[in-house]
Amino acid sequence: MFYSKHLAILLTLLSLFVSSALFAQKISSTDTVTVHSMRGTFYSNRFVGRKTSSGEIFSQNKYTAAHHSYKFGTLLLVTNPKNGKQVIVRVNDRCPKANVLDMTSKAAKQIGIQAHTVHVQVIPSRHYHVWEKQHELLDVLSQGRMLEYLKSLEAEVPKTIVHQDHFEDDEKALYDLELFSAASRSVAKTRLKHLPFPYQDKVEIRDNNVSGGVTIVLQLSMTRNRIKKTKSELLSMFPESKIVISK
């Protein structure tokens with residue numbers, strides 16, 4: 001009896017340890033297929049105005065969230081399985097509890113959650129513009145049709161690219177995006193402050209031996225169709241951008 005009781009306790013502790021280890025494992029920030037179930041919660045107002053783990057200032061009026069391990073800048077499609085409503089959040093903070101997604105009250109309110117299970121799926125960073133303008137897509141989100149909408153965007157990408165970018169007509173070639181030229185690195189860095197988060201680690205500041213200034217390039221190594229789409233996304237911020245062959 002004594003042996004059985006202690007064995008049961010040991011098995012229970014082992015089970016808790018294994019479960020904890022599994023929850024602590026990092027979830028891929030690039031896997032756009034797997035749907036994860038986790039507990040969805042939202043921030044207290046006492047965090048408003050404070051710095052998040054990424055350095056951004058927290059606001060309840062943005063579509064952002066905290067997670068234990070998703071990389072900062074990762075876009076997540078969050079679905080409330082009880083009503084099918086969806087919201088896209090961008091990870092910009094850390095949550096100490098594994099298997100929890102802590103959202104802003106704006107994001108949580110959009111899908112009608114208090115604190116219960118949500119389904120979470122990574123969406124490609126090239127859809128950053130959709131995250132920014134999702135207030136214009138509330139019908140799509142409320143009906144749970146965001147993945148269908150994203151697929152339709154992919155289908156609309158032109159199969160040919162305007163020749164004004166002057167790049168080689170090579171199906172196997174990869175391309176970067178030259179954003180702009182500046183007189184100095186300090187001027188360039190000031191302008192880059194507004195570059196969307198997913199692209200910030202792709203920036204290369206190259207010395208321009210001709211002008212004496214610098215040239216800013218996003219090292220993306222994308223196909224023709226994808227680079228054209230990215231250029232369109234960033235065109236309002238960098239109207240002088242042009243597509244160049246990857247080095």
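Which residue in β4 is the bridge partner of Thr 64? The partner of Thr 64 in β4 is Arg 90. The model is predicted, so that local features need pLDDT of at least 70 and side-chain atom pairs count only at pLDDT 80 or more, while totals for chains, interfaces and linings use all residues. Residues are numbered from 1 along each chain as its sequence is written, and side-chain values use heavy atoms, with hydrogens and water left out.

- Strand β2 covers residues 64-67 and runs parallel to β4, to which 4 bridges join it; strands are DSSP runs of E with at least two residues, helices are runs of H or I with at least four, and both are numbered from the N terminus.
- Strands of a sheet pair through backbone hydrogen bonds, either parallel or antiparallel.

**Nonpolar cores**

- The largest nonpolar core has 32 residues, and Leu 76, Val 78, Val 89, Leu 101, Met 103 and Met 146 touch the most other members.
- Such a core is a set of buried Ala, Val, Leu, Ile, Met, Phe, Trp, Tyr and Cys residues joined through side-chain atoms within 4.5 Å; buried means under 20% relative accessible area, exposed over 50%, and partly exposed in between, with a 1.4 Å probe and protein chains only.
- Among the elements giving two or more residues to this core are β3 (75-79), β4 (86-94) and α5 (146-156).
- Apart from this core lies another, of 20 residues, including Tyr 175 and Phe 238.
- Leaving aside neighbours within four places in sequence, Met 103 is in contact (heavy atoms within 4.5 Å) with residues including Phe 42, Val 78, Val 89 and Ile 113.

**Leu 153**

- Leu 153 is found in helix α5.
- Why does Leu 153 count as buried? Leu 153 counts as buried because its relative accessibility is 9%.
- Not counting residues up to four places away in sequence, Leu 153 touches His 127, His 129 and Val 130.
- Leu 153 and Lys 229 are 76 residues apart along the chain, and their C-alpha atoms are separated by 9.8 Å.

Conventions:
Pairing = 2+ DSSP bridges.
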